[in-house]
Amino acid sequence: HIYEVHTADNKQEKILMVRQVYCDVDDEEEFYTCAFGGRGITEGKANNATINQSKAIYIGDNKGKQSKGTKRQRVNDEHCSKIHNLSLRQGPPLLCVAGKRGMIKVIDTVLQSLVMTLLGHGDSVNDLKCNPTNKDLLLSGSKDHSIRLWNLQHGQMIAIFAGHDAHRGEVLSLSWHYSGAKFASSAFDNTIKLWNVSDNPIAEQSEKEGPIQAAIRRSFEMDHGDKFTTAIEQTPYFSTDSIHELPGCVDCVQFVGDLILSKSVQNVVVLWKPVVTNEDFATFNTIYPNYINENRKNNDRIKSKVIFLRDFTVDNCDNWFIRFGSPSPYNEILALGNHEGEVKVWELMGNEDDDEDQDYFGDNDGILCKLKTGGSTVRMVAIAGKCLVAVCDDSSVWMFEAIE
């Protein structure tokens with residue numbers, strides 16, 4: 001479903017309105033994740049297309065037969081010219097969806113049709129994230145233990161992040177750094193890994209072009225019919241399994257500036273800092289002067305030290321695949337639901353100098369408020385402006401608005 005936040009006639013109340021509904025003709029398909037990225041094609045009256053809210057738009061094909069809607073397009077030579085022309089588009093962002101079948105379907109919501117299907121993963125896709133500085137770059141994380149980087153202009157698989165030092169369990173969550181130069185991933189193996197798409201993961205700009213950077217550049221320069229060699233990256237520049245206790249899995253991760261928020265199934269979200277720069281190491285040695293690395297399997301090839309900053313605890317949140325929300329780029333607040341239908345909202349990094357009467361880190365743990373939905377598990381929370389939206393297992397969507 002695609003919703004629009006609509007202001008009621010009294011100009012005070014806001015309501016959620018369904019604008020479009022997409023269904024896959026494959027009854028076995030289940031969508032786990034979606035993301036907006038790239039740009040669609042604007043064609044004549046298609047910009048003003050509307051849809052009856054009771055009518056679903058069907059995508060995909062059914063055993064090779066076109067049925068109820070647009071037939072799925074495979075990314076092959078037959079469609080390369082059409083995909084290549086997407087570089088000239090001026091429309092709104094494309095909708096990318098993926099799930100159980102492992103196929104990423106890219107939809108133009110103005111034309112209400114499937115643009116292309118990205119094929120490559122060998123199992124279900126759990127997360128999709130578009131680069132904040134280049135919306136034509138899409139990351140996907142899969143149950144096949146791999147992360148893949150795609151070019152939405154050409155439908156090209158740019159790079160695969162998998163192998164010897166990569167995740168040993170299904171990838172559950174991804175998060176780009178605000179610079180677009182690196183990203184974080186977490187998985188069922190209880191690890192969190194940081195990967196670079198530039199040659200220097202510490203700096204936002206690097207004079208030397210790295211292999212992933214080169215592959216990205218080539219993917220935008222390629223012409224119809226050109227052969228493309230997908231880059232392979234097996235080694236992250238940072239990896240840790242010390243943030244969350246075992247048994248468990250890290251099902252949500254997010255960059256907060258240069259810090260990281262992560263969540264497992266132990267009723268806690270942790271704010272921490274990866275130790276990657278010389279300044280970080282100096283701070284780490286001051287805080288932990290007697291630290292001994294008991295896990296030397298990587299022989300310090302991959303940085304793994306962390307500085308713990310803060311815990312956010314929430315009851316009844318030991319289910320896996322429950323996602324917190326902290327809106328970028330300022331990440332002023334954090335919201336997380338649980339399996340009792342409750343949503344807890346925290347002040348993420350308050351400045352106690354702003355208000356002497358506000359206890360940001362005292363007994364209330366910086367809690368701003370607690371919200372209640374219908375009682376079903378809250379799987380995902382998203383925040384935009386003054387609105388907070390919670391999506392629950394019973395298919396209900398709840399919207400809350402902050403009051404001054």
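Hello, everyone. We'll come back to the sheet around that pair in a moment. Please keep in mind throughout that this is a predicted model.

First, the overall picture. The protein has three helices and 28 strands. It contains 404 residues, and 49% of them count as buried. If you take the contacts with a separation of 6 or more, 58% of them are between residues 24 or more positions apart.

Now back to our opening pair. Strand S16, residues 192-196, runs antiparallel to S18, and three bridges join the two. They belong to an open sheet of four strands, in the order S14-S15-S16-S18, with antiparallel pairing. Which strands stand at the edges? They are S14 and S18, the latter covering 238-240; each has a single partner strand, so one side of each has no neighbour in the sheet. On average, neighbouring strands here are turned by 15° against each other, ignoring direction.

Is S14 mostly covered or mostly open? This strand, residues 171-176, is mostly covered, with six of its six residues buried. Its partner S15 spans residues 182-187, and the two pair in the antiparallel sense over five bridges. For one example, Leu174 has Ser185 in S15 as its bridge partner. The hairpin of S14 and S15 has five residues between the strands, and there Gly180 takes a positive phi near 75°.

Next, the interior. In soluble globular proteins, nonpolar side chains tend to be buried together. Here, the largest nonpolar core has 20 residues, and the members that touch the most others are Ile147, Leu149, Phe161, Phe183 and Ile212. At least two residues of this core come from each of these elements: strand S11 (137-142), strand S12 (147-151), strand S13 (156-161), S14 and helix H2 (211-221). Apart from this core lies another, of 18 residues, including Ala35, Cys130, Leu138 and Trp150.

Which of its residues are buried? They are Ile212, Ala214, Ala215, Ile216 and Ser219. These buried residues pack against S11, S12, S13, S16 and strand S17, which covers 231-233.

Searching the whole structure turns up nine aromatic pairs. Why is the pair of Phe161 and Trp195 edge-to-face? The ring centres of Phe161 and Trp195 are 5.5 Å apart and the planes stand at 70°; edge-to-face applies when the planes are over 60 degrees apart, so this pair qualifies. The pair links distant parts of the chain, with Phe161 in strand S13 and Trp195 in strand S16, 34 residues apart. Trp195 is also buried, with a relative accessible area of 1%. Ring pairs join Phe161, Trp176, Phe183 and Trp195 into a cluster.

S26 pairs with strand S27, residues 387-392, in the antiparallel sense over six bridges. Within that pairing, Ile383 stands opposite Leu388 in S27.

One last stop: Ser396, in the loop between S27 and S28. Is this serine buried or exposed? Its relative accessible area is 19%, and buried means under 20%, so Ser396 counts as buried. Not counting residues up to four places away in sequence, Ser396 touches Ala390 and Val391. Ser396 and Thr373 are 23 residues apart in sequence, and their C-alpha atoms are 9.0 Å apart in space.

Notes
Residues numbered from 1 in each chain as written. Predicted model: local features only at pLDDT ≥ 70, side-chain atom pairs only at ≥ 80, totals over all residues. Heavy atoms only, no water. Buried < 20%, exposed > 50% of the residue type's maximum accessible area, 1.4 Å probe, protein only. Pairing = 2+ DSSP bridges. Axes fitted to C-alpha atoms, helices over the stretch in contact; angles between N-to-C directions. Contact = heavy atoms within 4.5 Å. Core = buried A, V, L, I, M, F, W, Y, C linked by side-chain atoms within 4.5 Å. Phe/Tyr/Trp six-rings, centres within 6.5 Å; stacked < 30°, edge-to-face > 60°.
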